[in-house]
Amino acid sequence: MPQLSIIIPFCNEKEQVEKTVISIIENSITSPEIILIDDASDDFYDYFKIAKKYGCVFVHHANRKGVAGSRNEGVNVSTAANFLFLDAHMKMYEKAFDANLIKLLEENDKCVLCAQTISIDEQHNIINNEVSWGAEIDKYNGFKAKWVYKDAHVDKNIYEIDCILGAGYCMKKEYYLYLHGLNGLECYGCDEEMLSTKVKKTGGKCLFVKNWRTGHLYRVNAKSNPNPFHRSLLWSCYNRILTVKLCFDKIEEEKIIEGIKTTFEQVYSEANKQIEKKGKWIEEEKKYLESIFIS
């Protein structure tokens, strides 16, 4: 039985998938389970061949489920007690990163660990030395996670942050399922804001791990496949409204929603219509979350 499952959803990533898998294998020591989730790629690339070559679990979608749906599925398919979310265009730098993450989760079971990210190009070369130090949610201006570019605790290797960001997140499977993961999110967007909010509201912590570095091919630097997942302003707005309705009381919800209205002015009305269609589900899900939230 593996101690760590690594879940990688992707769409039309071609050779980046194999590069990421190789990087994981070269830098891990516990033989982690690697789960590749092909979210309806239509580039005719043989991803199953890659999965078979490296002994990965392979899941193929005939129709798009989106990032959140794919991540949730990966957690359900996983067999380890701990899991790690990665994108399919990333590089590991620390040898034995997997063993270190497992140890950290043994010491901090009610948390989500967040990697430090470094920008890389399509050949996985470092583009510049600018690094991030986690993120924070701009709560009243669109409810969006924003990078923090200053080390808040130069004397610490691990410390609490407001929000995860960068696509390298590790936590216990049991805790994620207890939180209902990313349930309800559509298409793309707000994964980090939802998961971070749920963790904090259940008394958990978002922990930034300074010496766990991951290279990340951000889409602004990608020439061959700049938009692997369909990114819709409408669904990004929808996901933010949903997260706020699920995770905040009525007074706070109204304040945050005002900022979302302004930020997503052109799509807010339609997004809210979609939210209304999910009214019954939202009501039931909110009841559950209120029963586990302590703040």
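Okay, let's start with a pair of side chains: Glu107 forms a salt bridge with Lys103, and their closest N and O atoms are 2.6 Å apart. Quick reminder before I go on: this is a predicted model. Both residues sit in helix α4, residues 97–107, and they're four residues apart, about one turn of the helix. Why does that spacing work? An α-helix has 3.6 residues a turn, so residues three or four places apart point the same way. As for Lys103, its relative accessibility is 48%, so we call it partly exposed.

How many salt bridges does the structure hold? The count is 17. Another one brings together the side chains of Lys14 and Asp43, at 3.7 Å from N to O. Here Lys14 is in the loop between β1 (4–10) and α1 (15–27), while Asp43 is in the loop between β2 (33–38) and α2 (47–53), so this pair ties together parts that are 29 residues apart in sequence. Lys14 has 34% relative accessibility, so it counts as partly exposed; Asp43 has 16%, so it counts as buried.

Then there's Lys210 with Asp151, a salt bridge at 2.8 Å, N to O. Lys210 belongs to strand β12 (residues 205–216) and Asp151 to the loop between β9 (144–147) and β10 (158–161), so the bridge ties together parts 59 residues apart in sequence. Are these two buried or exposed? Lys210 is buried, and Asp151 is too. Salt bridges with shared partners also join Arg71, Asp87 and Asp191 into one network.

Keep Arg71 in mind, as it also lies over the face of Phe85, 5.2 Å from the ring centre. That takes us to the rings. The structure has twelve aromatic pairs. In one of them, the ring centres of Phe83 and Phe85 are 4.7 Å apart and the planes meet at 55 degrees, so we call the pair tilted. Phe83 also pairs with Tyr176: centres 5.1 Å apart, planes at 80 degrees, so that one is edge-to-face. This pair links distant parts of the chain, with Phe83 in strand β4 (residues 82–85) and Tyr176 in helix α5 (residues 173–178), 93 residues apart. Phe83 and Tyr176 are both buried.

Last stop, helix α9, residues 268–277. Which residues are buried there? Tyr268, Ala271, Asn272, Gln274 and Ile275. Looking down the axis of α9, these buried residues fall within an arc of 155 degrees, so they line one face of the helix. They pack against α7 (233–247), α8 (250–263) and α10 (279–292). On the other side of α9, Glu276 and Lys277 are exposed.

Methods
Residues numbered from 1 in each chain as written. Predicted model: local features only at pLDDT ≥ 70, side-chain atom pairs only at ≥ 80, totals over all residues. Heavy atoms only, no water. Buried < 20%, exposed > 50% of the residue type's maximum accessible area, 1.4 Å probe, protein only. Helix = DSSP H or I, 4+ residues; strand = E, 2+ residues; numbered from the N terminus. Arc of directions from axis to C-beta. Contact = heavy atoms within 4.5 Å. Phe/Tyr/Trp six-rings, centres within 6.5 Å; stacked < 30°, edge-to-face > 60°. Lys NZ or Arg CZ within 6 Å of the ring centre and 35° of its normal. Salt bridge = Lys/Arg side-chain N within 4 Å of Asp/Glu carboxyl O.
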